[in-house]
Protein chains: 2
Amino acid sequence: MKRRKEGYFDFEHHPNAYLERKRNVEQGLHARTKILETLAMSTPTEAATAAVSNSDEMRENGTELTIKAISESAAMSYSSSFHHLRLLEEEKIVKREGKRPYKWVVTGKGQRSLDELDLGLGVTKMGKELLMIPGPVPVLPRIREAMTKPMIFHRGDEFGAMYEEIVETLKEIFQTRNDLFVLSGSGTCAMEAAIGNLVSNETKMVCIANGKFGERFGEIAVRYKADAVTPVNVNVNFEWGHSIELEAVKEALENSSSSSSDPKSKIVTMVHNETSTGILNPAKEVGKLARKHDAVFVLDCITSIGGDKVPVDELGADIAIVGSQKCMGAPPGLSALSVSEHAWDLICENERRLYYTDLIAYKKSLEKKQTPYTPALPLFFALHEALAVIREEGMENRIERHRGMAKAVRDAVTGFGLRLFPKLNEVSDYSNTVTAIEIPVANGITDEQLRGGMRKRGVIVAGGQEKLKGEIFRIATMGNITEREVMRTLDALEVVLEENNYYGKNSKI
Amino acid sequence: MKRRKEGYFDFEHHPNAYLERKRNVEQGLHARTKILETLAMSTPTEAATAAVSNSDEMRENGTELTIKAISESAAMSYSSSFHHLRLLEEEKIVKREGKRPYKWVVTGKGQRSLDELDLGLGVTKMGKELLMIPGPVPVLPRIREAMTKPMIFHRGDEFGAMYEEIVETLKEIFQTRNDLFVLSGSGTCAMEAAIGNLVSNETKMVCIANGKFGERFGEIAVRYKADAVTPVNVNVNFEWGHSIELEAVKEALENSSSSSSDPKSKIVTMVHNETSTGILNPAKEVGKLARKHDAVFVLDCITSIGGDKVPVDELGADIAIVGSQKCMGAPPGLSALSVSEHAWDLICENERRLYYTDLIAYKKSLEKKQTPYTPALPLFFALHEALAVIREEGMENRIERHRGMAKAVRDAVTGFGLRLFPKLNEVSDYSNTVTAIEIPVANGITDEQLRGGMRKRGVIVAGGQEKLKGEIFRIATMGNITEREVMRTLDALEVVLEENNYYGKNSKI
């Protein structure tokens, strides 16, 4: 029987070593980690078992629990041990029992009640559920509290200054010099905005898809084209979870070129991070092909921007889209999209653009630092604060954190013997923001047992969508969550697998 | 020189008689009102002048300010006077000066610093500005605070229960048995949703308009119809601010019928409460005409539902629309619309419906108590709370309050000698939620002087839109504001008129 792969998180300090009420200096964290590990050795309670997860061998032993014993076992001075025990006591992580010399034990608070903590970045007060779905993600208290601000005049200077700051910060995150707008609507609203502004009956369109969201572009497109009359939509569909093959894309572009009298009116759509299957698609390569054919490249980056490296201009994305409730760590309800000169050429020719998301109206209004129609003010307040959080963390760190969390999930679940769903090729990669995992149906574990069991433990993960329902589940690692939330999720998963006798039945590993 | 028309608010108690820290029983309010009026007589300060507005004659006199003097003047017992003076002192409405026997004076707090108060319904902490524009309206703290709730799974039971409650409550407010959905987008999003779901190239459409928002339906419609090929749009336009004439509507419907091979594919659009001009259009009468011609009647009730009587089914509105940030008193970003069987007939025939606001997708999702795409969760939390506020107040009371506030504005401004903008006929009426007033340009007062002056006094009112810019200004009385906010607005207006020497120049009255 294979147990969890050890050390999938290379964290330096015990999660409970962090103090809520005091500054956490390196030395103190180190000392408290040693104390907590020492206590865990002697406290084979459920709480301690959960708190120190990779210490099976430690639990075998038992030591005295006095300060003296602790200081000796942890190789620390008596006074330092006492000092840090008292700090941990104040935080209700440990308590003393009996009479002098007191015996010290862990209370069980900490790893088990992360909900109660708010240490700043990443550790959110989750209420009763930890949302590990690919949006909406948990939102930091400071971002939620930004929404309590009273309404302001949406045509006034205060809104204008805020909107401008949001737009400029998003441009930095997008790494784009193109125009950029924020829409009061979800990511799907922005996807439709792209198509509904670009596409008229005559537009040639190549929709590349290897999952639900890639196909969505095609679904939207047929609403904007009288296909019966001019069948100019080309769907380049791959099996969900499989990789996009560049040869097929190339072929579709060339065929659609040769049969076309006006090769300039052409659009290529793709999803960068296919949330339904946990695969990262080859944006750069497809961007090159699109440019070669002078096509407008529409790239759905709804679940990549803010969590992964997405240099929009370098990728050649003429329209790039992000959603607020994914890697940006803001609440749902807003989306943003960037528009290149190349895209404007097509948009300006289209007289039957959408109205609510008419991008020309957005462009005109942005000159006055306004939106054409009343913006969803509280969501703008929240996005503004979410962007402040991103600036404080720094995009490099943020991308590292996202990649680290996704890798931790992949390492852990493959360590459990589970299989990742995506079938990679030389140009695709695993998503750095959502991991799609096969449900071990062969081991007799159902979707309901797996996700239902995790839900009972307070962790919500996503199931497979449509044809993948019951076959996969998905763990998102997006936004401002940290290793703590990831660990809680993996702990819940491991417990559920054990409860359902996964290891007993699993003969393959 | 004519001064403000007296008693435009028939309020029983002095605004400052309300205590923040204690319960306000009728008797106490009465006693404190008498005390404050007595004090105002003897305190000809700016603060008192503002606090007691209709007491010109009182200010002429002066009395002693001791408790004894107050109790005699107010015809109250000494002990009762002392008790209530101390309550007012705690609230910093009055203070004592000198030595015993103290002299009591008003501090100026109260009417002048409503911002600081939060007495519950209607009196909001406004921050620095009082928003008296027709949306976004000031939002009660309890509604804003609802948005700090952590994110929930948007496909889970908790969201489902909340969404269902929102939908059912809105149906009651709409007085409709039709289907009803909440869209994550503004009122314009819902207007486009109506047209973009109903209208195909072949649809005959009659757009009735007497203002900016009525015309908006026509603007949206041309995006959905190849008019060059099939010119089937009929715009029945009246001058902005003028009333809709039923004869013209009748004629348009009959003409478009006779020339049409399929009279069933017909739509009539109108705005119920034309926010751009402050006029209430004849919904019932036009509804009857639409029914007679078997047309689908789309009624924009964005600024009427929640503040005025709008029995959707009785009016014959097949699609009725409301916005969250108007009379509902919620933040901007959501809209709701109801859809009748008659409307469904047309929608189901239309294969090129919008995608993000595809009403058939909304209908399917509602069966699972979900929305088709990720809902703007915090705005749903807020709307849910806003509906609780409406239930607590009761729709009858709410409509009365809205009508009372609008009437107070009309009475006051006509009392100032200003002219209301709408030109009524026998089937139109003044709006009960927004009052459009002509800027007294003939008296040398400009838009900037008037609205800019009010803005300097912390009150934001709306200007005229497009062709009406500089000609009118608009005071909205929507949502959870009360007479206090209306009085502050009218006070600011009166001061600005005086400052700009309006009364001196005004020779007509």
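**View 1. Polar contacts across the interface of chain A and chain B in the predicted model.** In this predicted model, 22 residue pairs, with both partners at pLDDT 80 or more, are found in polar contact across the interface of chain A and chain B. On the side of chain A that touches chain B, at least two residues each are supplied by α6 (141-145), α8 (187-198), α9 (212-223) and α15 (377-393) of chain A. The largest share of that side comes from α9(A), which gives five residues. Sorted by kind, the residues on the side of chain A that touches chain B divide into 28 nonpolar, 13 polar and 16 charged.

**View 2. The area buried between chain A and chain B.** Here 57 residues of chain A are in contact with 57 residues of chain B. The area buried between the two chains is about 4,300 Å², and carbon and sulfur atoms give 61% of that area. Three residues, Arg223(A), Arg352(A) and Tyr355(A), supply 20% of the area that chain A buries against chain B, which is more than any other three residues supply.

**View 3. A salt bridge between the chains.** Two salt bridges are counted between chain A and chain B. In a salt bridge joining the two chains, the side chain of Arg223(A) meets that of Asp358(B), with 3.0 Å from N to O.

**View 4. The axis that relates the two copies.** Chain A can be laid on chain B by a turn of 180° with a shift of 0.0 Å along the axis, and the RMSD is then 0.1 Å. The two copies are therefore related as by a two-fold rotation axis. In chain A, the C-alpha nearest this axis belongs to Gly185(A), at 2.8 Å from the axis. The same surface serves both copies, for 100% of the contact residues of chain A recur in chain B.

**View 5. A salt bridge within chain A.** Over all chains, a search of the whole structure finds 46 salt bridges. In the one shown here, the side chains of Lys369(A) and Glu164(A) meet at 3.2 Å, N to O. Lys369(A) lies in the loop between α14 (359-367) and α15 of chain A, whereas Glu164(A) lies in helix α7 (residues 157-174) of chain A, so the pair ties together parts that are 205 residues apart in sequence.

**View 6. Backbone details in three loops.** The peptide bond that runs from Gly135(A) to Pro136(A) is cis, with omega near -5°, and Pro136(A) has its place in the loop between β3 (130-131) and α6 of chain A. Another cis peptide bond runs from Arg100(B) to Pro101(B), with omega near -15°, and Pro101(B) is found in the loop between β1 (94-97) and β2 (103-106) of chain B. Ala75(B) is not a glycine, and yet this residue has a positive phi of about 55°; the place of Ala75(B) is in the loop between α4 (67-74) and α5 (78-90) of chain B.

**View 7. Parts of chain A to be read with care.** Chain A averages a pLDDT of 86, and 82% of its residues score at least 70. Over residues 44-63 of chain A, however, pLDDT stays under 50, and the model has 28 contacts beyond four places in sequence for this stretch. For residues 111-127 of chain A, where pLDDT likewise stays under 50, the model has 62 contacts beyond four places in sequence. Where pLDDT is low, the predicted coordinates should not be read in detail.

How values were computed:
Residues are numbered from 1 along each chain as its sequence is written. Chains are lettered from A and ligands numbered from 1 in the order in which they are written. Side-chain values use heavy atoms; hydrogens and water are left out. pLDDT is the predictor's confidence in each residue, from 0 to 100. Contact means heavy atoms within 4.5 Å. Buried area is the accessible area (1.4 Å probe) that two parts lose on being put together, summed over both. A salt bridge is a side-chain nitrogen of Lys or Arg within 4 Å of a carboxyl oxygen of Asp or Glu. A polar contact is a pair of N or O atoms within 3.5 Å; within protein, one must be able to donate a hydrogen and the other to accept it, and residues adjacent in sequence count only if both atoms are side-chain atoms. Helices (H or I, at least four residues) and strands (E, at least two) are DSSP runs, numbered from the N terminus. Ala, Val, Leu, Ile, Met, Phe, Trp, Tyr, Cys and Pro count as nonpolar, Asp, Glu, Lys and Arg as charged, and the others, Gly among them, as polar. Copies are superposed by least squares on the C-alpha atoms of residues with pLDDT of at least 70 in both.
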